[in-house]
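Open the model in your viewer and keep the selection tool ready. The tour goes stop by stop.

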Amino acid sequence: MSKNRIAVYPGTFDPITLGHEDIVRRAANLFDEVIVAVAGSTNKSTLFSVEERVALAKGVFKAGNVRVMGFNSLLMQFVQEQGAQIVIRGLRAASDFEYEFQLAGMNRKLYPKLETLFLTPAEQYMFVSSSLVREVAKLGGDVHQFVSPEVEAAIKVKLG
């Protein structure tokens with residue numbers, strides 16, 4: 001009897017970028033199901049509400065073995081509730097690794113059955129981050145090469 005291999009890819013996704021999409025699509029090839037877990041409670045100031053971020057992610061991932069859910073709990077609680085034992089984390093640069101390594105250790109301490117899998121985005125997305133996309137958009141720059149068309153349209157509406 002085989003069990004489903006469920007992975008959770010958590011983040012604020014404010015907004016979801018082509019780099020995020022790349023990570024999710026590649027993870028979807030490795031696991032039976034990938035849950036894009038959109039964090040609602042965060043100490044970051046977000047451009048989009050959690051409901052808007054969930055809707056944007058659902059618009060990007062319409063088919064396949066990817067599910068999008070918002071969550072407001074401790075990540076490890078959410079992971080356990082979903083029956084997952086794998087957390088996907090994206091690494092863009094070596095500078096991301098130290099923080100992500102600490103986070104993986106803490107998460108494993110909280111949920112010993114957990115494995116963290118680090119994936120790097122394709123090289124054309126290595127420098128793309130949600131915060132940089134927001135900054136470029138707020139200053140009137142063109143972000144079409146960093147986000148999907150529906151996300152670009154939502155950014156334009158949000159920023160007026």
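Which residues form a nonpolar patch on the surface? Select Leu74, Met106 and Leu110: together they have about 300 Å² of accessible area. Areas come from the Shrake-Rupley method with a 1.4 Å probe, and for residues only the protein chains shown count as cover. Patch residues have over 30% relative accessible area and no salt bridge; like charges are joined within 9 Å, nonpolar side chains (Val, Leu, Ile, Met, Phe, Trp, Tyr) within 5 Å. Met106 sits in helix α4 (residues 94–110).

Before moving on, note that this is a predicted model: local features need pLDDT of at least 70, side-chain atom pairs count only at pLDDT 80 or more, and totals for chains, interfaces and linings use all residues. Residues are numbered from 1 along each chain as its sequence is written, and side-chain values use heavy atoms, with hydrogens and water left out.

**Strand β2**

Select residues 33–39, strand β2. Helices (H or I, at least four residues) and strands (E, at least two) are DSSP runs, numbered from the N terminus. Seven of the seven residues in β2 are buried. Buried means under 20% relative accessible area, exposed over 50%, partly exposed in between (1.4 Å probe, protein chains only). Glu33, Ile35, Ala37 and Ala39 cover one side; Val34, Val36 and Val38 are on the other.

Strands pair if DSSP finds at least two bridges between them. Look for Tyr9 opposite Val36.

**Salt bridges**

There are eight salt bridges, each a side-chain nitrogen of Lys or Arg within 4 Å of a carboxyl oxygen of Asp or Glu.

Pick Asp14 and Arg134: their closest N and O atoms are 3.5 Å apart. Asp14 lies in the loop between β1 and α1 and Arg134 in helix α5 (residues 130–138), so the pair ties together parts 120 residues apart in sequence. Both Asp14 and Arg134 are buried.

Go to Glu100 and Arg89, with closest N and O atoms 2.7 Å apart. Glu100 is in α4 and Arg89 in strand β4 (residues 86–90), so this pair ties together parts 11 residues apart in sequence. Both Glu100 and Arg89 are buried.

Finish at Glu152 and Lys156, in helix α6 (residues 149–159). Their closest N and O atoms are 3.5 Å apart. Glu152 counts as buried because its relative accessibility is 14%. Lys156, at 56%, counts as exposed.
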